[in-house]
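Please read this note with the sequence and the model side by side.

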Amino acid sequence: MRRVELLLTSLEYIEGHLRDDIRTEDVAAACFCSKSTLEKMFRCVNCISVHDYIVRRRMMQAARLLAGSPERTILDIALEYGYSTHESFARAFRQVWNCKPSEFRKMKYELYPRLRIPTENGGQDNMGNRHVDISELYDLFQERKDCYFVCCDIKEMIRINEISHKTGDLAIIEAMDRMSAAAGEGDVVFRIGGDEFCILTDSREEAYAENIAEAIRARNGETFSGGDGEVALSLHTTAVRLEQKRVCYDELYAGLHEAMREAILAGK
């Protein structure tokens with residue numbers, strides 16, 4: 001749980017200081033931890049360094065300005081996000097968007113270009129629905145703050161891990177496979193804890209989210225190959241919509257964890 005709290009604190013701090021000259025040391029100080037601890041946590045959970053995450057967030061915001069504010073010059077936007085020259089901004093922009101800022105303005109753009117699975121210890125890239133980079137979740141939460149979530153927690157994860165750590169890793173992949181299969185094309189699967197996951201739907205309809213939850217529950221008890229044999233897997237599953245006037249990682253994740261806790265107590 002400490003790692004989740006540390007992640008949320010660091011994300012909130014970064015989000016509030018994107019236009020400032022912040023370094024990894026500054027984020028670590030705000031989280032009351034060492035730089036090495038923060039870096040290890042970021043690489044373990046997000047598979048990315050703190051610096052690279054900050055660059056991605058800045059380039060995500062810069063891209064919005066490039067697309068939505070054609071009257072502003074590229075240098076003006078570069079200066080807003082801490083780049084003193086057009087060239088340094090263009091290099092950072094290309095690393096994220098694979099094109100020049102000037103080219104970006106002329107083409108149809110996709111604000112979520114990097115589709116990847118945010119799991120530890122590998123994963124599979126052939127699932128049908130979208131998996132977004134952690135640096136894109138904040139924007140997506142804002143756009144869908146009135147949409148439903150479907151939350152899942154692996155039942156008896158301790159028992160599964162006792163078989164072997166590899167079996168536990170495979171259980172995590174299997175859980176996300178099942179969620180991906182149940183989710184709609186525009187829905188997004190992401191991880192909120194060691195064995196806890198969410199689907200952020202693209203719907204404000206409770207029935208839509210409940211249908212996804214029921215499809216996941218219907219597979220409870222099915223087995224997966226745990227390496228040394230077949231292992232039964234079941235997921236606690238619930239659908240919830242959080243009332244939020246503004247997006248705050250800490251409040252959002254706390255709400256999702258509370259919804260999951262209530263689902264477990266209710267035996268869902």
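**Notes on helix H4 and its surroundings**

1. Helices H4 and H6 are roughly perpendicular to each other, a label given to angles of 65 to 115 degrees. The angle at which H4 (residues 50-68) and H6 (residues 86-97) pack is about 95°, and their axes are 10 Å apart. This is a predicted model, in which local features need pLDDT of at least 70 and side-chain atom pairs count only at pLDDT 80 or more, while totals for chains, interfaces and linings use all residues. Residues are numbered from 1 along each chain as its sequence is written, and side-chain values use heavy atoms, with hydrogens and water left out.

2. On the H4 side, Val55, Arg56, Met59, Met60, Ala62, Ala63 and Leu66 meet Phe89, Ala92, Phe93, Val96 and Trp97 of H6, where contact means heavy atoms within 4.5 Å. Sorted by class, this contact has 11 nonpolar, no polar and 1 charged residues.

3. Arg57 also has its place in helix H4, and Arg57 is buried, with a relative accessible area of 0% (buried means under 20%, with a 1.4 Å probe and protein chains only). The side chain of Arg57 makes a polar contact with the side chain of Glu15, at 2.7 Å; such a contact is a pair of N or O atoms within 3.5 Å, and within protein one must be able to donate a hydrogen and the other to accept it, while residues adjacent in sequence count only if both atoms are side-chain atoms.

4. Ser49 lies in the loop between helix H3 (35-46) and H4, and Ser49 is buried too, with a relative accessible area of 6%. Leaving aside neighbours within four places in sequence, Ser49 is in contact with Glu39, Phe42 and Arg43.

Technical notes:
Axes are lines fitted to C-alpha atoms, for helices over the stretch in contact, and angles run from 0 to 180 degrees between N-to-C directions. Helices (H or I, at least four residues) and strands (E, at least two) are DSSP runs, numbered from the N terminus. Angles under 35 degrees count as roughly parallel, over 145 as roughly antiparallel, 65 to 115 as roughly perpendicular and the rest as oblique. Ala, Val, Leu, Ile, Met, Phe, Trp, Tyr, Cys and Pro count as nonpolar, Asp, Glu, Lys and Arg as charged, and the others, Gly among them, as polar. Buried means under 20% relative accessible area, exposed over 50%, partly exposed in between (1.4 Å probe, protein chains only).
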